[in-house]
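Here's a quick briefing to keep beside you while you turn the model around.

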Amino acid sequence: TTITVTTTTSSSSTSSSVLPFDEALQNALGNLEASKLSFLGLLDGLNTNSSTGVLAQRVDVQEDGTVLVGVAIAVPEDGSPVAFGYGNISVEVPSAILESLGAPGVAVMGLLPTTSPLFNLLNSSEGGMQSDILSLDLFANGTAMKDLVEPIQLTLVSDGSQPATCAYLDEQTKKWSTEGVSLVSVQNGTIICATSHLSIFGAILKSAFA
């Protein structure tokens with residue numbers, strides 16, 4: 001397995017005008033998705049046999065603190081789930097999903113710290129964020145998957161000071177939703193979620209959905 005860490009900076013122009021919330025959020029999400037596409041070449045020239053299922057990994061740290069983790073993955077020799085992550089945040093992909101790809105794929109995880117502009121936009125759309133925000137995409141032959149044959153498990157860091165649940169960002173309504181996402185457990189400062197689709201995820205105050 002090869003692991004590469006790079007730091008990415010970008011130039012930006014300043015303006016006295018403030019974008020409407022929907023436009024600002026859409027622009028920020030578009031920039032995040034565009035950054036993920038740079039990971040699609042991870043599979044180039046790799047030996048696709050691996051005992052762990054992780055063929056290569058690259059970490060990019062953006063100027064605003066956002067961390068992008070790209071992982072080239074394949075079905076492990078023993079058929080076990082493939083796990084990867086950054087710090088205390090992790091993702092576990094069942095082998096059934098990898099088999100459904102028909103070929104090795106690329107997973108891209110984006111971690112939005114509380115200091116990032118996109119985190120602040122997403123938090124203001126509902127309020128009550130209890131974790132960093134995790135974005136997850138899975139590409140097969142360069143095409144992003146959406147629906148999954150089995151749930152993927154996500155581990156987020158949460159201080160546990162208030163009751164929280166797992167949610168994803170519905171990009172149509174610009175609001176957080178629990179549809180297709182379930183809470184598995186809360187333990188030792190982490191909240192474990194299972195999701196049947198790929199999106200942007202976080203731990204949200206349960207009272208936000210009351």
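**Briefing: a threonine, its sheet and the cores**

Let's start with one threonine: if you skip its neighbours within four places in sequence, T190 is in contact with T155, L156, V157, S158 and S185. Bear in mind that this is a predicted model. Across the protein chain, pLDDT averages 82, and 84% of the residues score at least 70.

- You'll find T190 in strand 13, which covers residues 190-197.
- Is T190 buried or exposed? It counts as buried, because its relative accessibility is 16% and the cut-off for buried is under 20%.
- The side chain of T190 also reaches a backbone oxygen, that of Q187, at 2.7 Å.

- On one flank, strand 13 pairs with strand 12 in the antiparallel sense over six bridges; here V186 has I191 of strand 13 as its bridge partner.
- Strand 13 is also joined to strand 9, by seven bridges, and these two run antiparallel.
- I191 turns up again in that pairing, as the residue in strand 13 that stands opposite L156.
- Further along the order, strand 5 (residues 89-93) pairs with strand 9 (residues 147-157), antiparallel again, over three bridges.
- In that pair, S90 has T155 of strand 9 as its bridge partner; T155 is also one of the residues in contact with T190.

**Two asparagines with positive phi**

- N188 has a positive phi of about 50° without being a glycine, and it is found in the loop between strand 12 and strand 13.
- N188 counts as exposed, because its relative accessibility is 79% and the cut-off for exposed is over 50%.
- N141 is not a glycine either, yet has a positive phi of about 55°.
- The place of N141 is the loop between strand 7 (133-140) and strand 8 (143-144).
- With a relative accessible area of 67%, N141 is exposed too.

**Nonpolar cores**

- The largest nonpolar core has 35 residues, and F84, V91, L136 and I152 have the most contacts inside it.
- There is a second, separate core of 27 residues, which includes L25, L32, A56 and A72.
- What does F84 touch, leaving out residues up to four places away in sequence? Its contacts are Q57, V71, S90, V91, V93, A107, M109 and L136.
- Two of those names, V91 and L136, are also on the list of residues with the most contacts inside the largest core.

**Where the confidence sits**

- Among the elements of the protein chain, strand 5 has the highest mean pLDDT, at 95, while strand 1 (residues 2-7) has the lowest, at 45.
- Over residues 1-7, pLDDT stays under 50, and the model has 16 contacts beyond four places in sequence for this stretch.
- Residues 9-19 also stay under 50 in pLDDT, with four contacts beyond four places in sequence.

How values were computed: Residues are numbered from 1 along each chain as its sequence is written. This is a predicted model: local features need pLDDT of at least 70, side-chain atom pairs count only at pLDDT 80 or more; totals for chains, interfaces and linings use all residues. Side-chain values use heavy atoms; hydrogens and water are left out. Helices (H or I, at least four residues) and strands (E, at least two) are DSSP runs, numbered from the N terminus. Buried means under 20% relative accessible area, exposed over 50%, partly exposed in between (1.4 Å probe, protein chains only). A polar contact is a pair of N or O atoms within 3.5 Å; within protein, one must be able to donate a hydrogen and the other to accept it, and residues adjacent in sequence count only if both atoms are side-chain atoms. Contact means heavy atoms within 4.5 Å. Two strands pair if DSSP finds at least two bridges between them. pLDDT is the predictor's confidence in each residue, from 0 to 100. A nonpolar core is a set of buried Ala, Val, Leu, Ile, Met, Phe, Trp, Tyr and Cys residues joined through side-chain atoms within 4.5 Å.
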